[in-house]
Amino acid sequence: MKLFQMKTSPLGVERIAEFLENNYICIGYPGTGNLEAASPEGMLVRLLKSGAYQGQELETAVADLNLFVHEMQDGDYVLVADGQWVHLGDLGDYFYDDTFDTTDDGRCHRRGVTWLKSIPQSALNPEAAELLAEEAQISRYRGTLPAARIELWIEGAGPADTTAEGKRALVDEVTVLKAVAVLKEALHSEDVDRRERAAIAILQYAK
């Protein structure tokens with residue numbers, strides 16, 4: 001399992017709304033054809049043939065495409081920024097759509113995405129925030145990821161809240177109401193000890 005960040009403006013056109021609505025991401029670099037079986041060297045040859053890239057821009061294009069086509073895999077995760085929000089997605093396979101392989105469109109290299117969660121940027125943990133802040137069009141997180149529930153790791157921004165209010169926030173309101181109802185019922189028990197314990201628990205919760 002790997003985690004990537006991607007910018008949402010291939011060829012300078014903001015696509016975030018389209019990505020979210022149509023469940024995909026794309027990286028640009030038209031004029032290169034289907035790259036599923038292309039090595040980095042093969043990508044370089046195709047980019048040179050397109051005539052659109054040279055120098056450092058050419059090296060960056062090869063690195064970006066290799067990450068998008070080969071290093072990303074089905075089941076990996078991607079983070080994209082959307083103003084003050086961040087969207088986490090589960091990636092699908094790479095596919096090429098020649099319908100959009102034009103210099104004025106460039107949406108030809110694609111991956112399907114199942115969007116899992118949207119959270120405020122301010123809630124990101126430091127590692128995820130640092131990844132998202134990278135200037136590269138696409139980059140991979142190189143640190144250690146949890147074995148499961150990556151959405152919880154990403155949102156682990158601050159230390160645990162050990163106050164009474166913080167603990168209550170971990171339990172949904174419906175469960176709390178049910179628990180209080182049980183305690184209220186126990187106040188009418190014939191068992192004196194049970195009534196006392198219920199009263200103490202209710203008073204402690206009310207503090």
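Start with Leu47: leaving out residues up to four places away in sequence, Leu47 touches Tyr29, Thr32, Ala52, Tyr53, Leu58, Ala61, Val62 and Leu65, where contact means heavy atoms within 4.5 Å.

Before going on, this is a predicted model: local features need pLDDT of at least 70, side-chain atom pairs count only at pLDDT 80 or more, and totals for chains, interfaces and linings use all residues. Residues are numbered from 1 along each chain as its sequence is written, and side-chain values use heavy atoms, with hydrogens and water left out.

Now helix H3, residues 55-71. Helices here are DSSP runs of H or I with at least four residues, strands are runs of E with at least two, and both are numbered from the N terminus.

Several residues of H3 are buried, including Leu58, Ala61, Val62, Leu65 and Phe68. Buried means under 20% relative accessible area, with a 1.4 Å probe and protein chains only. The buried residues of H3 pack against elements including strand S1 (3-6), helix H2 (40-50) and strand S5 (109-120).

Last, Leu124, which is in the loop between S5 and helix H4 (126-132). Leu124 counts as buried because its relative accessibility is 6%. The C-alpha atoms of Leu124 and Leu152 are separated by 9.9 Å, and the two are 28 residues apart along the chain.

Technical notes
The expected span of a helix is 1.5 Å times one less than its number of residues. Buried means under 20% relative accessible area, exposed over 50%, partly exposed in between (1.4 Å probe, protein chains only).
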